[in-house]
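Please find below a short note for a colleague who is new to this structure.

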Amino acid sequence: MKTIEELTRPNIWKLKPYSSARDEYKGATASVFLDANENPYNTPHNRYPDPMQWELKSRLSQIKHVNPEHIFLGNGSDEAIDLVFRAFCEPGKDNVVAIDPTYGMYQVCAEVNDVEYRKVLLDEHFQFSAEKLLQATDEHTKLIFLCSPNNPTGNDLQRQEIETVLCRFEGLVVLDEAYNDFSEAPTFLSELEQHPNLIVLQTFSKAWGCAAIRLGMAFASQEIIGILNKIKYPYNVNQLTQQQAIAMLQKYYEIERWVKTLKEERGYLTEAFAKLPCVVKIYPTDANFFLAKVTDATAIYQYLVGEGIIVRNRHSVALCGNCLRVTVGTRVENNTLLEALKRYGG
């Protein structure tokens with residue numbers, strides 16, 4: 001791969017980052033803080049949070065088995081996605097390559113940052129060819145985006161193809177593992193040292209049941225993490241989010257129980273769904289959702305809205321004609337959906 005300096009935008013490489021009051025003083029022994037222009041009243045919410053979230057990263061590293069220096073925390077995974085564009089892609093000059101269909105924010109961030117976004121269509125099994133993906137790159141391709149399990153298709157991408165891209169691409173590979181907790185495939189976190197061009201994204205929004213606190217994780221080499229920290233907003237993860245995340249880490253056993261239950265419900269729901277008259281096909285899934293081809297996705301979606309049930313209509317997405325994306329819920333929610341579709345007369 002190219003060096004991080006070669007991949008980083010020159011202005012970002014030379015940038016002197018903003019230094020906040022809490023960056024300059026990191027100790028915990030002081031009792032009088034008169035450095036950050038804070039209001040002395042309304043403890044503890046009057047104080048700025050730790051800008052680098054060290055306590056949270058330290059606890060997280062014990063579960064993820066990744067050194068805290070290799071962890072970036074942001075306002076959802078979307079912040080990390082946006083930052084890699086801002087750090088490594090020169091607007092109007094560089095490009096990125098991604099599979100299609102996949103998570104829509106990659107393209108949105110590319111367009112916001114004026115970076116060409118090149119799509120490589122998946123095959124009929126929702127898999128990609130490393131060779132075709134690499135053929136879409138050129139000397140101005142800085143990033144490749146992969147999502148596994150993929151969204152909206154739900155399936156794991158073939159590991160050998162991911163490995164091939166990592167070994168042959170000279171830029172950075174962003175692997176989004178938002179749904180990896182629901183998959184039997186091992187995470188790529190253990191391969192960070194082997195692949196210095198790898199950035200792994202994970203999130204508290206799915207398996208951790210914390211979508212509301214907006215906390216995303218990026219794992220990469222210390223050099224890459226240093227660049228992201230250099231350009232992030234000073235206090236990008238608020239204190240309430242940090243506290244809630246730490247509380248969740250202390251009951252990791254419960255998250256494991258949720259995941260086990262949701263995987264069982266996934267099997268129950270997909271099996272029952274396949275028997276419905278309006279369902280044409282259920283695609284294999286390794287996530288907490290599945291993609292289903294139905295007789296008329298738009299009509300069924302509107303019918304379910306009328307029943308107070310919201311799924312995702314993916315009919316307009318590439319390769320997903322007449323498909324609905326269905327999230328696995330509780331047994332009560334799943335049965336409510338099934339009963340409604342049994343009554344569907346379309």
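1. The model is predicted. Arg214 has a relative accessible area of 33% and is therefore partly exposed, since that class lies between buried, under 20%, and exposed, over 50%. The residue sits in the loop between strand S6 (198–203) and strand S7 (216–219). Although Arg214 is not a glycine, its phi is positive, at about 55°.

2. With a relative accessibility of 70%, His65 counts as exposed.

3. Two cis peptide bonds should be noted. One joins Asp100 and Pro101, with omega about 5°; Pro101 belongs to the loop between strand S2 (95–100) and helix H6 (105–112). Another joins Asn151 and Pro152, with omega about 20°; Pro152 is found in the loop between strand S4 (141–147) and helix H8 (159–168).

4. Helix H4 (residues 54–64) and helix H10 (residues 239–249) have axes that come within 10 Å and cross at roughly 25°. The two helices are therefore roughly parallel, as angles under 35 degrees are classed in this way. The crossing of H4 and H10 is left-handed.

5. On the H4 side, the contact is made by Glu55, Leu56, Arg59, Leu60 and Ile63; on the H10 side, it is made by Gln242, Ala245, Ile246 and Leu249. Sorted by class, the contact of H4 with H10 comprises six nonpolar, one polar and two charged residues.

Terms used: Residues are numbered from 1 along each chain as its sequence is written. This is a predicted model: local features need pLDDT of at least 70, side-chain atom pairs count only at pLDDT 80 or more; totals for chains, interfaces and linings use all residues. Side-chain values use heavy atoms; hydrogens and water are left out. Axes are lines fitted to C-alpha atoms, for helices over the stretch in contact, and angles run from 0 to 180 degrees between N-to-C directions. Helices (H or I, at least four residues) and strands (E, at least two) are DSSP runs, numbered from the N terminus. Angles under 35 degrees count as roughly parallel, over 145 as roughly antiparallel, 65 to 115 as roughly perpendicular and the rest as oblique. A crossing is left-handed if the near helix is turned anticlockwise from the far one by less than a right angle, and right-handed if clockwise. Contact means heavy atoms within 4.5 Å. Ala, Val, Leu, Ile, Met, Phe, Trp, Tyr, Cys and Pro count as nonpolar, Asp, Glu, Lys and Arg as charged, and the others, Gly among them, as polar. Buried means under 20% relative accessible area, exposed over 50%, partly exposed in between (1.4 Å probe, protein chains only).
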